[in-house]
Amino acid sequence: MSAHKLVDIQPTPNVLLALTRTPIAPLDALCELIDNAIDSFRAADVQGTLSTYRQVLLEIPGASQVARGEGFVRIRDTGPGLTEEQIANALRAGYSSKNAFDTLGLFGMGFNIATGKLGRVTKLISARAEDGYALQVTVDLPKLIDQGTFEVPAEVIDKPYGLEHGTIVEVRDWWPQGDPNNAFIRKLAGMGKNVIREQLARRYATLLRGESGSRTKITVNGESYPAFEHCVWDASRFVERSGHGRIHALIPIDHEVDKSVRCLRDGTLIDGEQPCARCGGLEAREVSERVWGWVGIQRYDDQNEYGIDLIRNGRAIRIGEKAAFFEYVDENTKKAEKEYPVDQQYGRIVGEIHLDHVPVDFSKQDFQRTSDEWHTAMNFLRGNSLLPSKWSPGEINASPVSMLFQGYRKVRNFGRADMYMGQYNPAKGKAERVPREVERDYLTRFRGKEPGYYDDAKWWELVETATDKPIDELPECPECGFQNAPGVEVCEDCEHVLHSKTCLNPDCSQEIAKSAVSCSLCGNSQIPEVVTPWTCAFCEKVNDSSEETCLTCGLVRGAIHPASEESLLAESEEWPELSAIGLTITLADGTTSSPVDVASRTMQRQITPAYNRDPIPVISHKKIGKIQVFVDRSHPVFTELGMRPEDMIAAETAQFFYDSYSSLTGRKGHSPGVLMAEVLRRAWSDTVAETPEGVRDEIKQLFRLIADRLAGAPEAEDFYADLNEKQQRSLAEGMISSGVDLSELGQMKLSGEYLRYCEPTALVAFFEKFPRAWFNGRVWSDPWPSDDLGLAVAAGLQEELVTKYLRCLEDCASYLRYQRPERLLITKARAGADFLDGKLQ
């Protein structure tokens, strides 16, 4: 038998070239190099040589420089510097002396990938404070491949000016045209430098703020960007929720979910005294699986700008993570179901969570979601499901994210009830959402750190005053000081003219009341004489100059067309739930459309498109990049035929896209119907999708809100005796599951607080017996018909009102008993819930 021979399996330098084909984004390549710089600061801390001045300086070429083959990417840090051995290890693909828990650069190939994708030649210079020299190593990838060797010389050089200690990495000599990496450097160079600064300020925000140790400064071409800060409500703000009590708008977190002994090199779980099963290493330590940071409520809501940042050792691995926190994944089917936001397209739950112990994937784009560490952390942060309908009997999900979800998932009441900014609308007689323009202005001031806007004082004013009716100012007479009623033009005490105009008679010029039709001094008429005929803007009838209104349609002279955009805007209000900012869809040729703003508005009157035409349900006005859609929600197509406003708005938007891309006409898939389906999917899929669970949760929340308003009703004490045995048992179970002592029931009978724990059928029975107690603002905004109308008339109106509300309440309560409701039942229950919800005071 022949002797064994050793086979040389050392890779060729082509391996380094292969690494440059790894798919990462240009910004991720920069972060790889920044991570190594930050790790050097951590290494200095471990060695006891704390770095008080932590700075990472980046220089990035412009697009024109790269096009000429000039410029370089340079990153410099003020760390302790590297020895010759450390430099060799840093350049060796696959080598990592770093432990798996305290550093950002974990795998030993991030440096090779990042530098190799940027350019063909990398120069590394490093100096230590205790040495009188610096070390320089140049890696020329084409040269290494040509020579077939990994060996590169290390030169001893004088310390460059200003480099007392630290490391410089410089990449130049761009890949030629035709090479995939040529586009990589061109894309990086083409990015706005302030965009890069802003992105880095978000990814390394906690390090820049110095929240986990000494503060770090990162500059790009000599300039830095302020660390990103979430615009959240103060921790002192809160809402009250039945069964949960006071839920604060910001919840700090610092919790050790577990402890384990891990291999220091690769993080593998160690069993007793045994070596690491993966690498054979003997170095191990006890690792604290600590989850820390905060979750809270953003002061504004947005379609995209919400979610929780997940951070590892100071770098945000996931920004605005949504799926991990707001989706429920069925263990059996693995199907993901969105849980938040489900009632509108806007979200406002945000946070910063540090998971330093959870492993990340090779390219540091995500955490390893199959790891035990990830599952343990997520179970602590959000539990199994946010929806109470999916909880086990007696279970209460009190995780931080679940508490925010229970307190802030819906926005029904502007003001303190749901902690949402609003303003009182006298025309509607209730509060409405503040305009988004105001919100954007406040956010700009927050980012500028203006007092009152950086903290939440000014924002909170819009919460506290949301339901306050404006106080009418009493104009004071400048002559006698008398306070007059609002709108008075002449002082009621001394008859001094408060709001005046000049008499049209040039021989008089007397100051008279603004609304006066004739002069009190000369008697001259103040109505300008029109000597020419005028054309009605609505029916186009030519009217005589003496006519003040159109003889055909009755439109006032000078009035604009009632279907014009100006007229519609004046008699409508914003409908943010069915609006969309920057909506894009996939077109028939596979490309993505340009973004379009869809501004939906709900009308306060009918929409008549032209004279002698029937009112229509919807009309739109289009501009480049924007469509205004006006909807008459009282039109029979909605109230009788069952059409949804979402469908109409989507149809108008689809037609807008269809007309905007006329070059695709005739191509399969480019039709208003197909485009409408795409608009609905992209913009309002959560709104139009009537899932059984979603409707069930909405109805449960509706009954909770009803119970909150009924607590304290004097009739509740008398009604308790009408509860049947099943309802009383359900009441007791509800109190126990909410942690309420049954001994408190006696007092709750007197106050009516027991209604918070009754089942929906009991509340329906309460309505049947005492319907009057629910109106005039206690539960419903509708007034109770007064006997002043006459007993017979009032009785008829009262019966009609009660029947309407009772049917909807019964539909909703019955729906909760169905396990697998049919589509018609879902639609019917949803319609009833929408009606009742819209009538809540």
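**Helix packing and buried sites in the predicted model**

Helices α11 and α12 are roughly parallel to each other, a class that covers angles under 35 degrees, with over 145 counted as roughly antiparallel, 65 to 115 as roughly perpendicular and the rest as oblique. The axes of α11 (residues 372-382) and α12 (residues 400-408) cross at roughly 30° and come within 4 Å, where axes are lines fitted to C-alpha atoms, for helices over the stretch in contact, and angles run from 0 to 180 degrees between N-to-C directions. Phe-380, Leu-381 and Arg-382 of α11 meet Pro-400, Val-401 and Ser-402 of α12, contact being defined as heavy atoms within 4.5 Å. The residues of this contact comprise four nonpolar, one polar and one charged, with Ala, Val, Leu, Ile, Met, Phe, Trp, Tyr, Cys and Pro taken as nonpolar, Asp, Glu, Lys and Arg as charged, and the others, Gly among them, as polar.

The model is predicted, so that local features need pLDDT of at least 70 and side-chain atom pairs count only at pLDDT 80 or more, whereas totals for chains, interfaces and linings use all residues. Residues are numbered from 1 along each chain as its sequence is written, and side-chain values use heavy atoms, with hydrogens and water left out.

The protein contains 25 helices and 27 strands, assigned as DSSP runs (helices H or I, at least four residues; strands E, at least two) and numbered from the N terminus. Of its 841 residues, 46% are buried, that is, under 20% relative accessible area, with exposed meaning over 50% and partly exposed in between (1.4 Å probe, protein chains only). Among contacts between residues at least 6 apart in sequence, 62% join residues at least 24 apart.

Helix α24 (residues 791-815) has 25 residues and reaches 36 Å from its first C-alpha to its last, close to the 36 Å expected at 1.5 Å a residue, the expected span being 1.5 Å times one less than the number of residues. Its buried residues, including Leu-801, Tyr-805 and Leu-809, pack against α19 (692-710), α23 (760-769) and α25 (823-839).

Two individual sites were also examined. Thr-115, in helix α5 (residues 110-118), counts as buried at 5% relative accessibility; leaving aside neighbours within four places in sequence, Thr-115 is in contact with Leu-33, Thr-122, Val-169 and Val-171. Gly-166, in strand β6 (residues 166-172), counts as buried at 0% relative accessibility. Although Gly-166 and Gly-81 are 85 residues apart in sequence, their C-alpha atoms are 4.2 Å apart in space. Not counting residues up to four places away in sequence, the residues that Gly-166 touches include Asp-77, Gly-81, Ile-125 and Ala-127.
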